[in-house]
Amino acid sequence: MKEFHMKPFAGRPDIHVCVPGSKSITNRALLMAALAEGTSVLRGILFSDDSRVFIEALQSIGYEISVDEGRAEVVIHGCGRKIPKDKVSVYVGSAGTAARFLTAMLALSGGEYELASSEQMKTRPMRPLLEALEQMGVLFEYKEKLYSFPFRILGRDIQKKNIYNQDHQAGALQKIYLNIDESSQFLSALLLSGVLCEKGFIVELTGKRDARAYVKISMKMMEEFGCHMEQAGENEYHILPGQSYQGREYQIEPDVSAACYFYAMAAVNHGTALVEHVHFDSTQGDIRFLHILEKMGCRLEDTKEGIRLMASEAEGLQGVDVVMSDFSDQTMTLAAVSIFAEGMTTIRGVGHIRKQESDRIHAIVTELRRLGIACEEHEDGLVIHPGQVKSSFQAPVMIHTYEDHRMAMAFAVVGTRQEGIVICDPLCCRKTYEDYFQVLTNLGLRLQLEE
C-alpha cells in the first residue's frame, strides 16, 4: 500500500488549476449516447476507474466506441432502442453510477444478462431500483444475496400484472413506485433508460428524501439529447410515449466535486484559488459548497476564467450549521475545513452517505478523532469541535481512507496546512480523479510517496 506524506503550503497559496470533467455528467452522457439514434462525440470526458468501467461495459454489450484519452474525447455509435447484444455478461466494478444505470438499461431492454460487481458494490444499496424494475415486469435471479450483485436479468414480461396498479386503465401510463432515500441514482437510472419503454411510464416517489440535484442534471441532459419528460408535482415524473435520444456533440462540464477540494485548501490556508471553467451556472449540486465557504468567511468572484475564492488573511473561518443532503459528497471536505474554524460545525441530512463507498459519517468521525479533534456522530450527520491537530513532522498521523476516494481527497486538505498528515492508499482516487495527488505534487505539497 502506498502512502502520501503531505507537506503544508509555505505561506498563503495562490492556486490555479483545471480539473477533469464531471463524473456524473460523463456517465449520463455515455448512457444517453449509447441509447441515441446516430453518432455522438463527447468532449471533456472524465477518464477514471469508474468511467473506464462504464465504457468497457458498453463495449462488452456490443457498442462501437472510439476513445481518445489524450483529447478527453469519446465517440459512440448509438443504436437507439436496440441493444446490440441481448445476451452477455457485464462487469460494473465498484462504480455505483454504472451499476445502477446499466442495470436499468439492460433490464428494460428485455434481454438476458449476467451482472457482476466488486465486493464493495455488493454491499451498496440496489433493492429499491430492482423492486421498481420488477414492477415493470423484469425478472431477476440472485446469485448470492437477495436484491444485490451478482444477479441475472432473465428478461421482461411486459404483460405481467403490476400489483401496485390493479386499477390501471387501458391506455394510461403505468405507474411505478420508487424510494430514493438511499440514492437519487435509482430515479435517474429509470428516467435515463425510460426511452426503452415506448409506451412511457410514471415514477412516483414514496420516501422522504427531497435532495434531487443530480436528478435535475439527468432531466436537463435528457432534454439536451432530445427526450422530453414532465414532472407533475413534487414527487411524480412522467416519461412520455415515443421518446428517443438523438446523437450529438456534447461538452462535459468540469467536475465541481473535484474543484471543491482546491477551494477548501485556499480557505484553510488564507489563500486564493481559481478553478478554470467552474461557474455559478453549473448544474452540479456541489456548487453550493462554495457558498458554505462564503458563509464561513471567504469571498467569491465569478470571473471569465472561473470562480475565484479569496480567504481573509486576517480573519479566521467561522463554524456553520448546514443541511448537506443535496451536496453530500462535500461532507468530508467541510469536515476537513471545520477543523480550522472558530466555533463548532454541524452537518445534517446526510444519513444516506453511510451506504456509499464507505460508512462515510463513521469514517469521518474516526479519522477526526485520530487527529485529536472532538466530534459527535449522529445517525444523519455529525458535530465537529475545532481544536489543535495532534500530528507533527516527528509524529505523523496516518489517515485511513477506507477504499473511498473522497476520504482521501478531503483529508488531504488538512495536510495542506498541518504537518505530519499521511494519506494511506492515495491511489483509491483513481475512481474519479486519478491525477489528484500528482496535481498536489505539482503544487509543491508532496514530501514523499513510498510503498
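Helix H12 (405-415) is mostly covered, with 11 of its 11 residues buried. Buried means under 20% relative accessible area, with exposed over 50% and partly exposed in between, using a 1.4 Å probe and protein chains only. The buried residues of H12 are His 405, Arg 406, Met 407, Ala 408, Met 409, Ala 410, Phe 411, Ala 412, Val 413, Val 414 and Gly 415. This is a predicted model, where local features need pLDDT of at least 70, side-chain atom pairs count only at pLDDT 80 or more, and totals for chains, interfaces and linings use all residues. Residues are numbered from 1 along each chain as its sequence is written, and side-chain values use heavy atoms, leaving out hydrogens and water.

- Helices (H or I, at least four residues) and strands (E, at least two) are DSSP runs, numbered from the N terminus.
- Asp 404 caps the N-terminal end of H12. A side-chain oxygen of Asp 404 lies 3.1 Å from the backbone nitrogen of Arg 406.
- Such a polar contact is a pair of N or O atoms within 3.5 Å; within protein, one must be able to donate a hydrogen and the other to accept it, and residues adjacent in sequence count only if both atoms are side-chain atoms.
- Arg 360 lies in helix H11 (residues 360-370). Arg 360 counts as buried because its relative accessibility is 1%.
- Leaving aside neighbours within four places in sequence, Arg 360 is in contact (heavy atoms within 4.5 Å) with Asp 329, Met 332, Ile 353, Arg 354, Asp 404, His 405 and Arg 406.
- Arg 360 and Glu 73 are 287 residues apart along the chain, and their C-alpha atoms are separated by 32 Å.
- Helix H6 (residues 185-192) is mostly covered too: 8 of its 8 residues are buried. They are Gln 185, Phe 186, Leu 187, Ser 188, Ala 189, Leu 190, Leu 191 and Leu 192.

- Ser 218 sits in helix H7. Ser 218 counts as buried because its relative accessibility is 0%.
- Not counting residues up to four places away in sequence, Ser 218 touches Arg 28, Ser 188 and Leu 192. Ser 188 and Leu 192 are among the buried residues of H6.
- Ser 22 is in the loop between strand S2 (14-17) and helix H1 (23-35). Its relative accessibility is 1%, so Ser 22 counts as buried.
- The side chain of Ser 22 reaches the backbone nitrogen of Ser 24 at 3.2 Å.
- With neighbours within four places in sequence left aside, Ser 22 is in contact with Leu 46, Ile 252, Glu 253, Pro 254, Asp 255 and Gln 284.

- Two strands pair if DSSP finds at least two bridges between them.
- S16 pairs with S2 in the parallel sense over 4 bridges. His 16 stands opposite Leu 274 there.
- S16 also pairs with strand S18 (residues 307-310), in the antiparallel sense over 3 bridges. Here Leu 274 stands opposite Arg 308.

**Cavities and a pocket**

- On a 1 Å grid over the protein atoms alone, a cavity is a set of points where a 1.4 Å probe fits but cannot get out, and a pocket is an open set with protein on both sides within 12 Å along at least five of seven lines; lining residues have an atom within 4 Å of a point.
- Grid points are joined across faces, edges and corners, and a volume is the space filled by probe spheres set on the points.
- The count comes to 3 cavities of 30 Å³ or more.
- The largest cavity holds about 460 Å³ of space. Of its 34 lining residues, Lys 23, Gln 185, Tyr 214, Asp 329 and Gln 356 lie nearest its centre.
- H1, helix H3 (96-109), helix H7 (213-224) and H12 each give two or more residues to the lining of the largest cavity.
- That lining divides into 5 nonpolar, 14 polar and 15 charged residues. Ala, Val, Leu, Ile, Met, Phe, Trp, Tyr, Cys and Pro count as nonpolar, Asp, Glu, Lys and Arg as charged, and the others, Gly among them, as polar.
- The second largest cavity holds about 40 Å³. Its lining has 4 nonpolar, 4 polar and 1 charged residues.
- The second largest pocket holds about 390 Å³. Among its 19 lining residues, Val 19, Pro 20, Gly 21, Ile 45 and Ala 72 are the closest to its centre.
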